[in-house]
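Thanks, everyone. Please have a look at the sequence and the fold first.

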Amino acid sequence: MAHSSIEVSISFEDQYEVHVGQDIRRIFPSFCSNRYSREKIIVVIDEKVHRLHGEKVQAVCDEYFQDSLWLSVPEGERSKSLGQWQSLIDRILGDGVERGTPLLAVGGGVSGDLAGFVAASTLRGIPLIHMPTTLLAMVDSSIGGKTGLNHDTGKNLIGAFYQPDAVFADTAFLQTLEQKEWITGMAEVLKYAAIRSPELFDQVAGLSRGALEPGEEWAQIISESIRIKTDIVEEDTLEAGKRAFLNFGHTFGHALEKVAGYGSLSHGEAVFAGMIAATYFSQHLGHPVDDIRFAPFLPLYKQQIQSMPTDIEALIEAMKTDKKVKDNTLQLVLLKDWGSPYIHPCTDFSMLREAWQYTLAQFNVNIIRYK
Ligand SMILES: NC(=O)c1ccc[n+]([C@@H]2O[C@H](COP(=O)([O-])OP(=O)(O)OC[C@H]3O[C@@H](n4cnc5c(N)ncnc54)[C@H](O)[C@@H]3O)[C@@H](O)[C@H]2O)c1
């Protein structure tokens, strides 16, 4: 199967490559041979991925490196913790590490964010390579250089911007991905469709009608998604402006996650519903967008979502206390048209109420109404 390579240049001195395709991990040894000493590699890997795909990863590491230190991370969001970070650092420093020893992060966004921060903070930075294994990690978390941990007071509050040397998005890993993880990652792909590439809607709709499994078309969709994210990140590496467009649907989505209670609604499910709300809001400001584009995917998300918040006032309250609210103004990412996002400073919270009513109705929610 063909694969594609994308060269991402983050800044003049700081370039990295992104390779996408079936079995693309096989070019990993030759990539390493031009850069690192053969002595040792550190592999930080999600425990479940270790069980399912450890041999594949081991084979490509052994082809070049004489030694490897394997560190498994328990699956799940709780691993993005200071405790996990410390235990990885203890093992790495205890085993011996040099400034040039590379760290390979294998897994979804959880192990990638954690391993990325370990690489950023060990000896003030050792080389990092991402080998993402979920759709979400391929199209989103491994790209852009954000690494991080959660704190008791909130998600992703500890971390650093730290770019990898390369990303190898091998679709062979997706063979074992559960349907709910496909759906989570798909929400981010649909976000790219909405903000940059509306043609992606039809492509993904075609694929989502059948069984969700990797193939050449998904490899193309993943490449296109990565290209969109890298273009936006390249224009705004440190999140000063355009990078905010990547938050389309997320301000609404975060409110849903918060009100539902973290963990009861997946991030992808919340973002999907959030994009419907943001599209409704855009349409009601007179922009020519209609959420019909999301309709083919609605049954998939409805079937998967266990419970949706019902209290619109609580959702609005959650949006008002979002850390991005300044001077009682909410910075919403909306659409002037498909593929054309902009930032709307929202002070009219009654419009939010309507957007929520419409969105929750799509999910057949019995809304709590206040007199
Ligand atoms: N750094 C960023 O820019 C960024 C962007 C978006 C999200 N994130 C973070 O990403 C995290 C979510 O990532 P995620 O959705 O990949 O979750 P995850 O890493 O928890 O993976 C989801 C589940 O899939 C399993 N899994 C991974 N690969 C598999 C495979 N190939 N086959 C079968 N099972 C597999 C994992 O064990 C886990 O149970 C969140 O912590 C979020 O904050 C970071």
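Buried here is under 20% relative accessible area, exposed is over 50%, and partly exposed is in between, with a 1.4 Å probe and protein chains only. The side chains of Lys-191 and Glu-188 meet in a salt bridge, at 2.9 Å from N to O. A salt bridge is a side-chain nitrogen of Lys or Arg within 4 Å of a carboxyl oxygen of Asp or Glu. The two residues are 3 apart in helix α6, so about one helical turn separates Lys-191 from Glu-188. Helices (H or I, at least four residues) and strands (E, at least two) are DSSP runs, numbered from the N terminus.

Now the bookkeeping. This is a predicted model: local features need pLDDT of at least 70, side-chain atom pairs count only at pLDDT 80 or more, while totals for chains, interfaces and linings use all residues. Residues are numbered from 1 along each chain as its sequence is written, and side-chain values use heavy atoms, with hydrogens and water left out.

Back to the salt bridges. By the rule I gave, the count comes to 15. Glu-178 and Lys-48 form one through their side chains, at 3.2 Å, N to O. Glu-178 sits in the loop between β9 (166-170) and α6 (179-195), and Lys-48 in helix α2 (residues 47-62), so this pair ties together parts that are 130 residues apart in sequence. Glu-178 is partly exposed at a relative accessible area of 39%, and Lys-48 is partly exposed at 26%.

Another joins the side chains of Arg-353 and Glu-313, at 2.9 Å, N to O. Arg-353 belongs to helix α13 (residues 349-362) and Glu-313 to helix α12 (residues 312-320), so the pair ties together parts that are 40 residues apart in sequence. Both ends are partly exposed: Arg-353 at 30% relative accessibility and Glu-313 at 29%. There is also a network of salt bridges, linking Asp-23, Arg-25, Arg-26 and Asp-170.

Next, helix α3. Its 14 residues, 82-95, reach 20 Å from the first C-alpha to the last, close to the 20 Å expected at 1.5 Å a residue; the expected span is 1.5 Å times one less than the number of residues. Which residues of α3 are buried? They are Gln-84, Leu-88, Ile-89 and Ile-92. These cover an arc of only 130 degrees around the axis, which puts them on the same side of α3; the arc is that of the directions from the helix axis to the C-beta atoms. Their cover includes β3 (40-46), β4 (67-73), β5 (103-107) and α4 (109-121). On the face turned away from the buried side are the exposed residues Gly-83 and Gly-94. Just after α3, Gly-96 takes a positive phi of about 100 degrees.

Last, the core. The largest nonpolar core has 81 residues, and Phe-252, Phe-272, Tyr-301, Leu-352 and Phe-363 touch the most other members. Domain 1 (3-177) and domain 2 (248-362) both contribute residues, so this core lies between them. The domain bounds come from an automatic or database domain assignment. A nonpolar core is a set of buried Ala, Val, Leu, Ile, Met, Phe, Trp, Tyr and Cys residues joined through side-chain atoms within 4.5 Å. Leaving out residues up to four places away in sequence, Phe-252 touches residues including Phe-281, Met-319, Leu-352 and Trp-356, where contact means heavy atoms within 4.5 Å.
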